Amino acid sequence: METNISSQSKTEKAEYSDHFLCALMVSDKNRKIIFTNRYFQTELGWDDSRLLGSDVNILFTGASQIFCDSYLFPITAIEGRCEETQITLVKGNGERLPAVVYIRSSPAQADLLYWTIVPSINRDKLYEELIANRERLEAQAEILNSLATIDELTGVNNRRELMRLGETLLDQAIRSSREVALLFIDIDDFKAINDTHGHPYGDRVLKQLGKILGESGRSSDIVGRYGGEEFIIVMPDASRDAARSYAHRIHELAASINFDEQHLTVSIGVSQIKANEKTPLAVLVDRADEALYRAKAAGRNCTIFFDENSNGRPRQINHV
């Protein structure tokens, strides 16, 4: 049998409010409570005898009372409503409970305020879960970013990130009229190392050299694996002498990697731009690559600058 809602008494209709999963309340212009639904009794531990006729502040902590007086009531008086406001309730037994309050006045009864109070018992828990999820997502994003920018084997920047960072550094250097040096480093006879000892051994050599290059330079230097056994270092504010000195150090550090009673050697090509010189990164790379080719042709294990005469004598670095 269907229920005819229009034929029900006001008392019967009012009982619907007792089934809401929140606290419903009406207060008058003097802030006296004139109606509460059963939620106040069953969930909040208040008796009607204690609430009806009492000031609404009986339901709130001291801090929330101040907040109601300074914000909640004034904004409701001006706008006719106040939505989703955080306050702290006081239960009938004195226990505190976080809650969200919604208030509205009725144009037909401007001296009455209608309250909807929704306890948010799990608010702090949900907030903590939200923070934990955010931190987890940030950690995953950091891992994904690392996978996208770092060479997995050597731990230095991969080629794409190397070129991106290098372009940015070069633009900054050009704008501020600074020198930049680019070192193109290639392991000598790396194919022979792989053929003799196997690719896993060659990978260990690459990993060791990558670690050395990543840790030996300045924090402002950009180090990356260009491909295969090739590495590039972009050095801001590096004079010719500074670039040559660092190249010499790289030769010495590479020699600390030993295999079959031999020392690892590398060949290095260097290109530079001087202050106020506008040269694209790709051009610097090509110049350093050409100088590297000359270093290989000169007998390997040496450093040659791009502008050095190809027939000149590159300074040979003896094994340490």
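Helix 4 (residues 62–79) lies across strand 3, strand 4 and strand 5 (109–119), where contact means heavy atoms within 4.5 Å. Helix 4 runs at about 160 degrees to strand 3. Axes are lines fitted to C-alpha atoms, for helices over the stretch in contact, and angles run from 0 to 180 degrees between N-to-C directions. Helices (H or I, at least four residues) and strands (E, at least two) are DSSP runs, numbered from the N terminus. The model is predicted: local features need pLDDT of at least 70, side-chain atom pairs count only at pLDDT 80 or more, and totals for chains, interfaces and linings use all residues. Residues are numbered from 1 along each chain as its sequence is written, and side-chain values use heavy atoms, with hydrogens and water left out.

Five strands form an open antiparallel sheet in the order 2-1-5-4-3; two strands pair if DSSP finds at least two bridges between them. Strand 2 (33–36) and strand 3 (81–90) each have a single partner strand, so one side of each is left without a neighbour in the sheet. Neighbouring strands of this sheet are turned by 25 degrees against each other on average, direction ignored. Eight bridges pair strand 3 with strand 4 (residues 96–106) in the antiparallel sense. Glutamine 86 has valine 100 of strand 4 as its bridge partner.

A second open sheet has five strands in the order 7-8-6-11-12, with mixed pairing. Strand 7 (222–227) and strand 12 are its edges, each pairing on one side only. Strand 6 and strand 11 run antiparallel and are joined by eight bridges. Isoleucine 187 stands opposite valine 266 in strand 11. Helix 8 lies across strand 6, strand 7, strand 8 and strand 11, at about 5 degrees to strand 8.

The largest nonpolar core has 31 residues. Such a core is a set of buried Ala, Val, Leu, Ile, Met, Phe, Trp, Tyr and Cys residues joined through side-chain atoms within 4.5 Å. Buried means under 20% relative accessible area, with a 1.4 Å probe and protein chains only. Leu183, Ile185, Ile187, Ile233 and Ile250 have the most contacts inside this core. Apart from it lies another core of 25 residues, among them Phe73 and Leu113.

The buried residues of helix 9 include Ala243, Tyr246, Ala247 and Ile250. The buried residues of helix 9 pack against strand 6, helix 8, strand 8, strand 11 and strand 12 (303–305).

Definitions and conventions
Buried means under 20% relative accessible area, exposed over 50%, partly exposed in between (1.4 Å probe, protein chains only).
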